[in-house]
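Dear colleague,

Here is the structure that I promised to pass on. Please look through it alongside the notes that follow.

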Amino acid sequence: MQPKVMMKKKNISASKASLILFLCQIVSALDVPLDLLQPPTITQQSPKDYIVDPRENIVIQCEAKGKPPPSFSWTRNGTHFDIDKDALVTMKPNSGTLVINIMNGGKAEAYEGVYQCTARNERGAAISNNIVIRPSRSPLWTKEKLEPNQVREGDSLVLHCRPPVGLPPPIIFWMDNAFQRLPQSERVSQGLNGDLYFSNVQPEDTREDYICYARFNHTQTIQQKQPISVKVFSMDSLNDTIAANLSDTDIYGAKPVTERQPVLLTPTGSTSTKVELRGNVLLLECIAAGLPTPVIRWIKEGGELPANRTFFENFKKTLKIIDVSEADSGNYKCIARNTLGSAHHVISVTVKAAPYWITAPRNLVLSPGEDGMLICRANGNPKPDISWLANGVPIAIAPEDPSRKVDGDTIIFSHVQERSSAVYQCNASNEYGYLLANAFVNVLAEPPRILTPANKLYQVIADSPALLDCAYFGSPKPEIEWFKGVKGSILRGNEYVFHDNGTLEIPVAQKDSTGTYTCVARNELGKIQNEVQLEVKDPTMIIKQPEYKVIQRYGQVSFECIIKHDSTLLPTVIWLKDNDELPDDERFLVGKDNLTIMNVTDKDDGTYTCIVNTTLDSVSASAVLTVVARPNPPFDLELTGQLERSVELSWVPGDENNSPITNFVIEFEDGLHEPGVWHYQTEVPGTQTTVQLKLSPYVSYSFRVIAVNEIGRSQPSEPSEQYLTKSANPDENPSNVQGIGSEPDNLVITWESLRGFQSNGPGLQYKVSWRQKDVDDEWTSVIVANVSKYIVSGTPTFVPYEIKVQALNDLGYAPEPLEVIGHSGEDLPMVAPGNVQVHVINSTLAKVHWDPVPLKTVRGHLQGYKVYYWKVQSLSRRSRRHVEKKILTFRGNKTFGMLPGLEPYSSYKLNVRVVNGKGEGPASPDKVFKTPEGVPSSPSFLKITNPTLDSLTLEWGSPTHPNGVLTSYILKFQPINNTHELGPLVEIRIPANESSLILKNLNYSTRYKFYFNAQTSVGSGSQITEEAVTIMDEVQPLYPRIRNVTTAAAETYANISWEYEGPDHVNFYVEYGVAGTMASRQVDIATQGWFIGLMCAVALLILILLIVCFIRRNKGGKYPVKEKEDAHADPEIQPMKEDDGTFGEYSDAEDHKPLKKGSRTPSDRTVKKEDSDDSLVDYGEGVNGQFNEDGSFIGQYSGKKEKEPAEGNESSEAPSPVNAMNSFV
């Protein structure tokens, strides 16, 4: 039995309402199970206003349910309709639906009328609405003679459609003979009545095929009106002739058509009225004539137009308000306005209302002796009348029922009995319509029953509501209780909501809400229970949402959509574009967690949504894709305001492709002088679409515009029309005029010619003028063709000239040009600098002085002085080497300079020469000077041999660069303990002619560090270091030692062999250099099992290679490493490590010099540098260094440092690993 709700009638007093609420119980309608007795209920019926297709069978629906099943009958136009007497009418079995067989010869018009269905059984009768049957009609247009419409340009025009009256009314539209819709605008539009309105006609409106079409949807037919002809005339024939010879702009400016202020074409007058029904769509229309075309605006007097329900259609000529209510009544004003004035019209709108329900009557199920009521409340404008029927009969003439009492819109039932069962109808009607509702009273005595299936499973998402059904029925109404678990306690409290229909609601279900719930229904006739199951699942979440993307056209973009879900739910992921399916395009790749779009195009722009669905929930996330690209080119270029030196260019921007246009670049082409070549003219901001351009005379201009955004430049626009400017005198003269002689007796005058568009006219030439400066001579002039050079012959050597070049064309000369100074050709200087003096500053630096030469003898532009100097011999070695001169250039009129990078204790010569643009003058007599001694370089090597218990033998080589007379050697040494701490330092001075020393009285088994350097009278040179260890006992220890190193070089590899003494299991390191670089290879030979076999296997091959190398060396071949070391002032020498036998450098067989040996320190194992010679790099820019006025270096240095030529093959490639391996044999 349905839950009971207390309801009260609006017009009863409060005390009466209290009494009714106390005595009565109202039961909300629930479906009575069909196995129980119940009155009929209409379940399906045709609409009240039923328009049928006259070509098809008429089907009038009427379906009902009840127990026992109801029988059906019909009335037509208020009288019984006996279907048995009409062979064309049948009723469907077990149904009240009528089928009228029109397709077998029936006429639909014969069955027009008002039909009503009655469903009846032993418990009552239910009736349907009055169903009005009308066949649709699509009549033909009445024939009429249509006269051509001849109208003057600018006047208004209305083409009437007047469609035939159809049922339902047809849809109207205007087309031409080609079935193309006629374009509509603010000027031309169709009214709500189907007429075509012209606010003002234009010549282009002239045509003979204005056709109005009427489409009848029910019959799917279209009717066509006869074509209407319109011919638009201009002012008169004279104005026609004038208009044909004027541009559109001139016509508009002349105003041949009279402008008019707005006048309303529809509705007419100043006011009108409109009645509309509640809930319908309100359409108000205003169409005005006028020139210029009026603009329509709508307002509501004394209020605002309703928000969210107001729309404007037909170019704002139609005001549309949807779902109107009584509050929308009022005065609506439309205002038509143009530049000459305005017109307005007020429409008074009244909203009426057909009846609508406030409270419709609902079925009552009561048990014997219970009370209840039926309430029927409706509203409308005007207020509807309420009437009651019982089983389809007005209640006033229906059989009496002592339990029933009618009180206006309410029927009250008291102590009902089984005979009280019936169907009651409530009818609410006014002049605009009616409402009819059936509601039965069914008196039953039934124990409770639960309609929800047993053990039904409910699944919900955590933190969402859970609704557990317990649909029930019983009479009297059962009471419902809920329990959790089979034997749990009754559920109460704010965490649960108990609905009248038996549903248990858990507003926020949690994981612990999972379990079994029991519903118990009981009334005085019995009790029943049912169990349902609840499972609470984890929510589905998008943990990585798609993000906003900006991508360039033809790029690739990917949107992520990573989800988390309950393990028992199977999610499905769907991607949408703009809330629709993805395009069927192979460029769209849908992955497990992403959507990828390849080769993005403009149409891919939009919103992409990832939707994740499970059986219980759905989540989504969206992101916008913006496709950007270079802008489309501008178009519609137009030139206006053409003047001799300016023109205005305007254009229409192309699509910016989602990236705002920042600027426009304007280019021009000179079709007269440089056709096909485009030049930059100017640029303007992206918000500007016109520009005033400055022009030059005698140029055939075409312009084009390029749009620029952040992505790049657009393609150029189509060129504008050509515009040829008039000729004029040149505005400017050639630039960069120079006069420079190429020979001692000429003057070459050159200039940069004017470009074609700078000529300003035809016949471009140049007037070249010159005269000797500071001499009272007249100008000599010559006019030459359009060239850029003129040579004046027979000039004195290197004298100044005043020069000017003036442009001219067929219309005259350019302004007077500026004069420039040039010189005739130069010749070599005549004399050498005198009084050359040299002051030696130190062992590597000298200062040279000279007297300047007279400027007249320079015979050209004085560029500076060159000092040539070269080393004659070294004073320490008394050996001569190849003389290579070095050059320093001192710019300007200098009289001194510094000579850096000299070698100490050497003899030099120098001379000085003056330099001009032609070349060098004669050299001054050679000047001899000597450099003093300097400090020596480090000794060439230091070897420590023959260790004993208390002594070590030291051997060394003299410095490579003694830089003077050696006076002695200084040896310092100190012990090193196991923690690398240094002991006391001992110093020994050794005569310069010694090359070895035996140190005695040393501690046994002790490591010593040695520091060794040479001295001249100037001071000590850089030192070389080494370490050695005395032995522990008399057993001679084996220290690693390499002897008899030989090399054999080929074009792409080198073989190295040696003799080794020392302990086993050591690593060998070979260091080699190529073209001044150093590299190393490390191989552990002693641990390789193949080493001995390899030596035996290749012994013969190595012997042959050695013989070949020996022959090549006798022919002049020489391994270049040593020479490369000599060529560098500061080489870094790798140390030879005692523990691994690594070589410090290669030996050169022909130099017969001892092998240099590096040193290492126990702390950081850094290698000490040898002292390097002074280098010009320290003074300036390599060979172009200079001294300043204070004597610092500004001269130029040329030539290379002295060295002996390298012989043999040099390779720029490093040896291959195979060759490096072969070198160990």
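Not counting residues up to four places away in sequence, S788 touches I749, T750, W751 and S753, where contact means heavy atoms within 4.5 Å. This is a predicted model, in which local features need pLDDT of at least 70 and side-chain atom pairs count only at pLDDT 80 or more, while totals for chains, interfaces and linings use all residues. Residues are numbered from 1 along each chain as its sequence is written, and side-chain values use heavy atoms, with hydrogens and water left out.

S788 sits in the loop between β67 (780-784) and β68 (789-793), strands being DSSP runs of E with at least two residues, and helices runs of H or I with at least four, numbered from the N terminus. With a relative accessible area of 35%, S788 is partly exposed (buried means under 20%, exposed over 50%, partly exposed in between, with a 1.4 Å probe and protein chains only).

E826, in the loop between β71 (820-823) and β72 (834-842), is buried yet has no salt bridge (a side-chain nitrogen of Lys or Arg within 4 Å of a carboxyl oxygen of Asp or Glu). The nearest side chain of opposite charge, K918, is 8.3 Å away, with Lys and Arg counted as positive, Asp and Glu as negative, and His and the chain ends not counted. The E826 side chain does reach the backbone nitrogen of H861 at 2.7 Å and that of G917 at 3.0 Å.

Lastly, L1100 belongs to helix α6 (residues 1099-1114) and is exposed, with a relative accessible area of 61%.

Best wishes

Notes: A polar contact is a pair of N or O atoms within 3.5 Å; within protein, one must be able to donate a hydrogen and the other to accept it, and residues adjacent in sequence count only if both atoms are side-chain atoms.
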